[in-house]
Amino acid sequence: MSLFVPKFDETVLVRDARAEVVGGDPVGVKLLADSSATGGALSTVRVTLAEGADGARPHRHDNSAEMFFVLDGTAELLSGDDVVTAERGDLVVVPPGRPHAFAAAPGRGADLLIVITPGVERFAYFRHLQRIRLGEVTPESLLEVQDLYDNHFLSSRAWDARR
C-alpha cells in the first residue's frame with residue numbers, strides 16, 4: 001500500500017462569506033478548497049440542491065474517492081448499481097472507479113459537503129458547468145475535459161429508473 005503525503009505548509013481557512021459560489025437555484029456550488037490549496041490532499045465543495053434537483057449525472061473518478069456528507073435535507077446517491085437515500089447527518093463514500101451520481105430526493109432539497117481525495121483541480125470544472133448553464137459552451141464540451149478533471153461520464157439504468 002502506498003501512502004500519499006500532501007505537500008502544503010499553511011492551514012487552509014476558507015471564510016464562508018469569501019467563498020466563490022457558482023450556479024444558484026436549483027443548484028448552487030460553493031467552492032471551498034481546491035487541490036492546489038491542500039497540496040493535493042483533497043478538493044471540497046458545498047452543493048445546495050433545490051427540491052428534486054439533479055446534482056450530477058452518473059460518472060466515475062478513476063483516481064479519487066468521493067465523500068458526500070448530508071448537512072441538511074435528503075439526497076439520493078447512485079453507487080455502482082445501488083441508489084441509496086441519505087438524510088441529514090449521513091455519510092456516503094464512493095471508492096475510485098465506482099459509478100456514482102447524486103440529486104435531491106423528490107420533493108426534498110439537500111445541502112451536501114462533497115470531498116474528493118486525493119484532490120483534483122475541480123474549481124475550473126464547476127465554472128465550466130456554469131458556462132454550460134449560461135449557454136456560453138455546449139454540454140458536449142465536457143467530453144473534451146473528462147481526463148483533465150478525472151470525471152468520466154457514463155450511463156446507468158439504475159439511476160435512470162429512479163430519476
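Colleague: Which strand does Val 115 lie in?

Modeller: Keep in mind that this is a predicted model, where local features need pLDDT of at least 70, side-chain atom pairs count only at pLDDT 80 or more, and totals for chains, interfaces and linings use all residues. Residues are numbered from 1 along each chain as its sequence is written, and side-chain values use heavy atoms, with hydrogens and water left out. Strands are DSSP runs of E with at least two residues, helices are runs of H or I with at least four, and both are numbered from the N terminus. Val 115 lies in β9.

Colleague: Is Val 115 buried or exposed?

Modeller: Buried means under 20% relative accessible area, exposed means over 50%, and partly exposed is in between, using a 1.4 Å probe on protein chains only. Val 115 has a relative accessible area of 15%, so Val 115 is buried.

Colleague: How many Å apart in space are Val 115 and Leu 42?

Modeller: They touch, meaning heavy atoms within 4.5 Å. Leaving out residues up to four places away in sequence, Val 115 touches Leu 42, Ser 43, Thr 44, Ala 65, Glu 66 and Met 67. Val 115 and Leu 42 are 73 residues apart in sequence, yet C-alpha to C-alpha the gap in space is 6.5 Å.

Colleague: What does Asp 90 count as by relative accessibility?

Modeller: Asp 90 is in the loop between β6 (82-87) and β7 (91-94). Aside from neighbours within four places in sequence, Asp 90 is in contact with Phe 68, Phe 69, Val 70 and Thr 85. With 32% relative accessibility, Asp 90 counts as partly exposed.

Colleague: How far apart in space are Leu 13 and Glu 136?

Modeller: Leu 13 is in the segment before β1. At a relative accessible area of 58%, Leu 13 is exposed. Leu 13 and Glu 136 are 123 residues apart in sequence, and C-alpha to C-alpha they are separated in space by 32 Å.

Colleague: How many aromatic pairs are there?

Modeller: Rings of Phe, Tyr and Trp (its six-membered ring) pair if their centres lie within 6.5 Å; planes under 30 degrees apart are stacked, over 60 edge-to-face, and the rest tilted. By this rule the number of aromatic pairs is three.

Colleague: What kind of pair do Phe 68 and Phe 102 make?

Modeller: Phe 68 sits in strand β5 (residues 65-79) and Phe 102 in strand β8 (residues 100-104), so the pair links distant parts of the chain, 34 residues apart. Phe 68 is buried at 1% relative accessibility, and Phe 102 is buried at 6%. The ring centres are 5.3 Å apart and the planes are at 55°, so the pair is tilted.

Colleague: Which residue lies over the face of Tyr 125?

Modeller: Tyr 125 belongs to a cluster, with Phe 126 and Tyr 149, linked by ring pairs. A charge sits over a ring if NZ of Lys or CZ of Arg is within 6 Å of the ring centre and within 35 degrees of the ring normal. At 4.4 Å from the ring centre of Tyr 125, the residue over the face is Arg 122.

Colleague: Which elements do the buried residues of α1 pack against?

Modeller: In α1, the buried residues are Phe 123, Tyr 125, Phe 126, His 128, Leu 129 and Ile 132. They pack against β1 (20-23), β2, β3, α2 (146-149) and β10 (152-153).

Colleague: How much space lies in the largest pocket?

Modeller: On a 1 Å grid over the protein atoms alone, a cavity is a set of points where a 1.4 Å probe fits but cannot get out, while a pocket is an open set with protein on both sides within 12 Å along at least five of seven lines; lining residues have an atom within 4 Å of a point. Points are joined across faces, edges and corners, and volume is the space filled by probe spheres set on them. The lining has 27 residues, with Gly 55, Ala 56, Arg 57, Tyr 125 and Leu 129 nearest the centre. The space in the largest pocket is about 540 Å³.
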